[in-house]
Amino acid sequence: SDDSRWSLGFKLSEATELQYAGGYQGQDDLDYPGRILDATYFKTRSHDLKLQHAAGGTLAEVYVQAYVNRKDHAMNNDEKPTARPAPGRIPPFGLDVVVETESNTAGGRGYVGFLSGDWRFQLGGDVYRVEQTADRAIARRSDGRVLFEDVIWPDAQRDDVGLYGQA
C-alpha cells in the first residue's frame, strides 16, 4: 500500500488565502476472503483548491473551492476456486475473470457572506459530477478464449447542483 498526502498554502494578502491539497492512495494484490473476486489494484488521486477572502464591511467573506477525485479499481479471480478446473461444476474448466472500474468526481462549491447590522447572510451553491464505468471480461483460463465481455455500468453519471441562502 502507498498513501501520500500533501498541502500547500499561500497568504495572497492579509485577508486572502489560497490552499491546495492533494493525495494519492494505491493498493495492490488485495485478498478478499469469502468473496468471489480479489482486487488487482485500487488507486485514488485527489486534488482540492480553495480560495478564501475575509474582508470587513458589508461583504464579509468570499469562499470558492474546486476538487477532483479519480479512482481506478481492477478485480480478478486468480486465487479463487473458479480459476481452477473442477469436474462436475458448470463450467468444468477454470475461468479468468477481470473487472475494471473507474469512478471520477469533479465539483466545486462557493459562497459569499454579508453583514448588515446584527444580521449575517450567506448565499452559496455547489455542483458536482460523478462519472463511472465498469467493464467485465470472462475467458477460458486454459486458452484465453473470451466467453463474454460486457459493460456493468453503462454511462453511469450523476450531476447535482444546489443553491442555498442562510440568515
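Met-75 touches Tyr-32, Leu-37, Asp-38, Ala-39, Thr-40, Val-97, Val-98 and Val-99, leaving out residues up to four places away in sequence; touching, or contact, means heavy atoms within 4.5 Å. The model is a predicted one, in which local features need pLDDT of at least 70 and side-chain atom pairs count only at pLDDT 80 or more, while totals for chains, interfaces and linings use all residues. Residues are numbered from 1 along each chain as its sequence is written, and side-chain values use heavy atoms, with hydrogens and water left out.

Met-75 also belongs to the largest nonpolar core, together with Leu-37, Phe-93, Leu-95, Val-97, Val-99 and Ile-138, which makes seven residues. Strand β5 supplies the largest share of this core, with three residues. A nonpolar core here is a set of buried Ala, Val, Leu, Ile, Met, Phe, Trp, Tyr and Cys residues joined through side-chain atoms within 4.5 Å. Buried means under 20% relative accessible area, exposed over 50%, and partly exposed in between (1.4 Å probe, protein chains only). In soluble globular proteins, nonpolar side chains tend to be buried together.

Now for the sheet. Seven strands make up an open sheet in the order β1-β2-β3-β4-β5-β6-β7, with antiparallel pairing. At the edges sit β1 and β7, each of which pairs on one side only. On average, neighbouring strands of this sheet are turned by 5 degrees against each other, direction ignored; the axes behind that angle are lines fitted to C-alpha atoms, for helices over the stretch in contact, and angles run from 0 to 180 degrees between N-to-C directions. Strands are DSSP runs (E, at least two residues), as are helices (H or I, at least four), numbered from the N terminus. Two strands count as paired if DSSP finds at least two bridges between them.

Going along the sheet, β1 and strand β2 (residues 16-30) run antiparallel and are joined by ten bridges, with Ser-4 standing opposite Tyr-24 in β2. Strand β5 (residues 95-116) is tied to strand β6 (residues 119-140) by 22 bridges, again antiparallel, and Thr-105 has Val-130 of β6 as its bridge partner. These two strands form a hairpin with two residues between them, and Gly-117 in the turn has a positive phi of about 65 degrees. Next comes the pairing of β6 with strand β7 (residues 146-166), antiparallel over 17 bridges. Here Glu-131 faces Gln-157 in β7. This hairpin has five residues between its strands, and its turn includes Gly-144, with a positive phi of about 75 degrees.

A few single residues round out the picture. Arg-5 lies in strand β1 (residues 2-11) and is exposed, at 58% relative accessible area. Neighbours within four places in sequence aside, Arg-5 is in contact with Gly-22, Gly-23 and Tyr-24. In strand β2, Thr-16 counts as buried because its relative accessibility is 12%. Finally, a cis peptide bond joins Ile-90 and Pro-91, with omega about -5 degrees, and Pro-91 lies in the loop between β4 (59-76) and β5.
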